[in-house]
Amino acid sequence: MEYTRLGSTGMRVSRICLGMMSYGDPAQRQWFLPEDQAEPIVRRAVEAGVTFFDTADMYSTGVSEEITGRLLDKLFPSRDDYVLASKVYFPMGPGENDKGLSRKHIMASIDASLRRLGTDHLDLYQIHRWDYETPIEETMEALHDVVKAGKARYIGASSMYAWQFAKAQHVAERNGWTRFVTMQNHYNLVYREEEREMIPLCQDMGVGLIPWSPLARGLLARPRTAEGATTRAGSDAYADALYSDLDTPVVDAVHEVAGEHGLPPARIALAWLLAKPAVNAPIVGATKIGHLEDAIAALDVRLSDDDIARLEAPYRPHPVLGHE
């Protein structure tokens, strides 16, 4: 395993972050794994040196956080041995204040997340999306208070427009509040719009990137003849909204380069992402041990300039996707 500083902070994380969204209540989504099936995968990640884990309150309506907390407590000798991240924004109940980034919801949500996770602090607390109904000043001050209360060590953000992220950072700096240290953005070989504005902004600010969907919800990993073969692929409406047949040339290029290297396509797609200078740790979901093994092995793959050019050449511009 390789390790790196998270953004410009002093905290070090494994270069593979295990995303915990896949672990939850199968009654909610067919592809969620219950705790007993998730444990061997998380155990293998720990054995391989993964120390960075990302979840969110809304994943399986809190069940993911509960599973994450129990497994990490069982698999690590000490809370200080791993880096734990979670997120806030999406609805967690039917009430008017059960969603968003108001002070009320943030303060209630951090306590609820810590209770489900069985810990007294998060290492990274992230806003899951931009809240158009709450002044950013209110959100940033509330997050600052979460940090000062010792409930989170750092704060981060997820998919939004670059101007929004810049505004949030400016508001925090102007008021002496805690700034974001990470951006969890939508970034992979078939969706590279982040290269236009967000990634250069983050590089300039010293903000670390921890991309979500590094394999495009599995599109870049599955055999080309079995796009609907997995349970998730056949029931993931969100993936259908993000990607289409127009992305097939990129997928074909990944398979061609993978074939020449004698490697699974997932390793090639992740190696491309890991080679990007602003990327700290892609957030990799795993419902099989093999998914995890491919992610870990990608750290050892070295792509040539020609490989990279061939992987990037078929890219087509997209509308902004993933900010909802």
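I'll start with His-121, which sits in the loop between α3 (103-117) and β6; helices (H or I, at least four residues) and strands (E, at least two) are DSSP runs, numbered from the N terminus. This is a predicted model, where local features need pLDDT of at least 70 and side-chain atom pairs count only at pLDDT 80 or more, while totals for chains, interfaces and linings use all residues. Residues are numbered from 1 along each chain as its sequence is written, and side-chain values use heavy atoms, with hydrogens and water left out.

Back to His-121. Its relative accessibility is 5%, so His-121 counts as buried; buried means under 20% relative accessible area, exposed over 50%, and partly exposed in between, with a 1.4 Å probe and protein chains only. Leaving out residues up to four places away in sequence, His-121 touches Arg-79, Leu-114, Gly-150, Lys-151 and Arg-153, where contact means heavy atoms within 4.5 Å.

Phe-165 touches, among others beyond four places in sequence, Met-160, Phe-180 and Cys-202.

What about the cysteines? With a disulfide defined as a pair of cysteine sulfur atoms within 2.5 Å, the count comes to zero. Cys-17 is in no disulfide, and the nearest cysteine sulfur, that of Cys-202, is 16 Å away. Cys-17 is buried, at 0% relative accessibility, and Cys-202 is buried with a relative accessible area of 0%.

Now the charges. A salt bridge is a side-chain nitrogen of Lys or Arg within 4 Å of a carboxyl oxygen of Asp or Glu, and the count is 21. Which residue forms a salt bridge with Glu-2? That is Arg-302, with the closest N and O atoms 3.8 Å apart. This pair links distant parts of the chain, 300 residues apart: Glu-2 is in the segment before β1 (3-5), and Arg-302 is in the loop between α10 (289-297) and α11 (305-312). Glu-2 is partly exposed, at 29% relative accessibility, whereas Arg-302 is exposed at 59%.

Glu-293 forms a salt bridge with Arg-44, the closest N and O atoms being 2.7 Å apart. Glu-293 belongs to helix α10 and Arg-44 to helix α1 (residues 35-47), 249 residues apart.

That's it from me.
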